Amino acid sequence: MTSRTCHLSPAAGPLEDDNLLCEILLRLPPEPSSLPRASVVCKRWRCLVSDPRFCRRFRRHHRRNPPLLGFFNRDSDLFPFVPTLEPPNRVSPGRFSLQRREGDRFISLGCRHGLVLIRNVRPNKVLVWDPVTGEQHHLAIPPELVIHAENTAINGAVLRAAGDIQQFHVVLTVVDNVDKQHKRALAWLYSSKTNLWGDLVSTPVPFKVSTSDILGDEDDVTLVFTGKPAVMVRDSLYWILAGNFVGILEFDLEKQSLAVIRVPAHMLENGFYQFWIMRAEGGGLGLLLQKDQSFQLWKRKTDRDGVASWVLGRTIELDKLLSLNGNGSQVILGFAEENNVVFVWTHGVLFMVNLESLQFKKLGETRTLSHYHPFESVYTAEIEIGGGHDGVDLSQHIR
């Protein structure tokens with residue numbers, strides 16, 4: 001990759017030092033307009049922030065506090081990107097457009113660390129896509145998983161390797177329902193560094209729990225529910241198990257082990273659609289329970305004896321927060337784990353609600369309910385030496 005060199009006049013102060021200036025620019029907010037704004041200050045600044053090496057450093061520096069750029073509509077055949085930021089940080093919807101090949105049949109499994117994990121059903125592969133760079137990595141699924149692919153739902157998650165924006169990991173998981181009395185959750189871990197899938201990891205899944213009265217005695221199949229993507233909490237990934245057994249499946253990335261976690265029985269009174277996995281306040285595993293016109297935030301705590309239990313934390317009165325009139329239902333359509341934001345639909349209107357600050361934003365009216373996969377990433381628009389900015393329009397905001 002060709003580097004760009006700026007020829008400068010003799011140093012006249014600290015900001016004339018390119019290294020020091022780069023360190024300052026590196027700490028600009030991770031918003032899409034930050035680098036384009038800096039690039040119009042002068043030719044020297046444009047030269048620095050348009051260097052691909054600086055852009056990689058900028059993304060790596062802010063990888064753990066990325067902005068919520070928008071979401072992908074999982075249920076649409078075109079898998080469109082819907083931006084949620086206001087100008088000048090609003091990214092053009094067409095900027096993140098997934099190119100398909102003939103015969104592709106895509107099912108999105110979720111987004112994390114600026115990557116999107118997609119299952120390509122027909123060739124039995126998974127696709128790791130970086131919408132910012134356009135890079136695509138097509139991975140054949142493990143041979144042991146192929147035998148389950150046609151009979152049950154496959155779920156998974158993608159994540160960046162710690163401290164590395166180039167390498168990534170993929171976890172695929174499924175429940176083996178062949179032996180109804182001895183169900184097992186299975187998982188495989190892929191590393192882009194080795195280009196290999198690891199060994200099969202498994203754990204037993206309970207059978208015939210009390211929720212059978214809700215879900216139907218005839219339903220003896222348990223699935224890793226694909227309607228709600230995985231949530232990453234510390235060094236573990238969590239999915240919802242649904243069907244004969246309703247609970248949580250945990251994959252510990254450090255130990256490379258699986259475990260099944262039960263949820264409070266009262267949360268299952270109306271089925272598993274009423275709760276979402278989330279990061280608890282203060283860290284750790286949490287649950288968001290929809291109850292009447294409110295959200296209850298629960299946290300899993302472990303006592304001195306190592307016994308874990310669920311504890312109720314805050315309750316958010318959604319009807320008062322959003323000034324809702326009437327008793328319309330609320331439906332959560334997506335959760336952004338890094339920004340702690342839920343997408344909630346109520347009274348025909350889609351809102352974004354920050355569960356920490358309780359700030360909210362009305363996105364618009366819709367009568368169509370879909371699954372949303374929030375996209376959180378540091379977007380560095382391509383900046384040309386001549387001053388162009390790919391995907392971000394600053395014309396109305398910089399004079």
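Q: Two strands pair if DSSP finds at least two bridges between them. What makes S17 and S18 a pair?
A: S17 and S18 are joined by 5 bridges in the antiparallel sense. The definition asks for at least two, so they count as paired. Within this pair, Ile277 stands opposite Leu287 in S18.

Q: What kind of model is this, and how are its residues numbered?
A: The model is predicted: local features need pLDDT of at least 70 and side-chain atom pairs pLDDT 80 or more, while totals for chains, interfaces and linings use all residues. Residues are numbered from 1 along each chain as its sequence is written, and side-chain values use heavy atoms, without hydrogens or water.

Q: How many helices and strands does the protein chain have?
A: The protein chain has 7 helices and 25 strands. Both are DSSP runs, numbered from the N terminus (helices: H or I, at least four residues; strands: E, at least two).

Q: Which strands form the open sheet that holds S17, and why are S17 and S20 called its edges?
A: The order is S17-S18-S19-S20, with antiparallel pairing. S17 (275–279) and S20 (308–317) each have a single partner strand, so one side of each lacks a neighbour in the sheet. From one strand to the next, the twist averages 30°.

Q: Why is Gln290 called buried?
A: Gln290 has a relative accessibility of 11%, so it counts as buried (buried is under 20%, exposed over 50%, partly exposed in between, with a 1.4 Å probe and protein chains only). Gln290 belongs to strand S18. Its side chain reaches the backbone oxygen of Gln330 at 2.7 Å.

Q: Is Gln293 buried or exposed, and how do you know?
A: Gln293 has a relative accessible area of 15% and is therefore buried. Gln293 sits in the loop between S18 (285–291) and S19 (294–302).

Q: What makes the link between the side chains of Gln293 and Gln330 a polar contact?
A: These side chains come to 2.8 Å. A polar contact is a pair of N or O atoms within 3.5 Å; within protein, one must be able to donate a hydrogen and the other to accept it, and residues adjacent in sequence count only through side-chain atoms on both sides.

Q: What lies between S23 and S24 in their hairpin?
A: There are 5 residues between them. Leu358, in the turn, has a positive phi of about 65°.

Note on methods. Axes are lines fitted to C-alpha atoms, for helices over the stretch in contact, and angles run from 0 to 180 degrees between N-to-C directions.
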